[in-house]
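Please open the model in your viewer and display the chain as a cartoon.

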Amino acid sequence: MDFSARQLVAILLFTTFHLLVRSTMGVQALKPTTIKLDTELKERLSRLSSVKDRSAHKLIIQAVTEFVEREEQRQAFLAEAVAAWEDYELTGIHLTSEEADDWLEQLEQGRDVEPPACHV
């Protein structure tokens with residue numbers, strides 16, 4: 001499912017309150033908002049809605065939820081990579097690519113081996 005940046009922004013605007021506003025009971029509070037879709041995307045959404053037997057609203061919520069979760073995971077991964085790089089710069093502790101490749105190759109062969117020791 002490919003959306004243009006403009007379409008993603010429109011979908012995100014549509015569901016911002018839905019995703020961000022929560023009651024103290026953990027139930028999501030829905031706030032109405034609108035989005036503007038070009039004719040082609042609206043028709044595609046309508047067809048998909050009919051095929052899936054789900055409302056367009058539910059499909060949009062699902063798409064935005066999956067997008068936000070994926071992007072949050074990507075951001076967490078990037079933050080972890082930056083933290084690892086900063087740790088390397090501070091300590092110099094690392095594995096060479098050859099050491100990592102050798103270890104991974106052993107794992108692929110079904111051997112239960114410990115990772116090699118990191119070094120400076």
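This is a predicted model: local features need pLDDT of at least 70, side-chain atom pairs count only at pLDDT 80 or more; totals for chains, interfaces and linings use all residues.

**Confidence along the chain**

Begin by selecting residues 19–25, where pLDDT stays under 50 and for which the model has 8 contacts beyond four places in sequence. The protein chain averages a pLDDT of 85, and 78% of the residues score at least 70. Which elements have the lowest and the highest mean pLDDT? Helix α1, residues 5–20, has the lowest, at 57, whereas α2 has the highest, at 96.

**Helix α2 and S49**

Next, select residues 39–52, which form helix α2, and pick out S49 within that helix. Is S49 buried or exposed? S49 counts as buried because its relative accessibility is 13%, below the 20% limit for that class. Now display the residues around S49. Neighbours within four places in sequence set aside, S49 is in contact with R54, S55, A56 and L59.

**Helix α3 from end to end**

Select residues 56–91 to show helix α3, which includes H57. The helix has 36 residues, and the distance from its first C-alpha to its last is 52 Å, close to the 52 Å expected at 1.5 Å a residue.

Show the side chain of H57. With a relative accessibility of 39%, H57 counts as partly exposed. For a distance to L45, pick the two C-alpha atoms: they are separated by 9.6 Å, although H57 and L45 are 12 residues apart along the chain.

Because W85 and Y88 are 3 residues apart in helix α3, about one helical turn separates them. Y88 has a relative accessible area of 34% and is therefore partly exposed.

**After the helix**

For the last stop, select G92, the residue that follows α3. The phi angle of G92 is positive, near 80°.

Notes. Residues are numbered from 1 along each chain as its sequence is written. Side-chain values use heavy atoms; hydrogens and water are left out. Helices (H or I, at least four residues) and strands (E, at least two) are DSSP runs, numbered from the N terminus. Buried means under 20% relative accessible area, exposed over 50%, partly exposed in between (1.4 Å probe, protein chains only). Contact means heavy atoms within 4.5 Å. pLDDT is the predictor's confidence in each residue, from 0 to 100. The expected span of a helix is 1.5 Å times one less than its number of residues.
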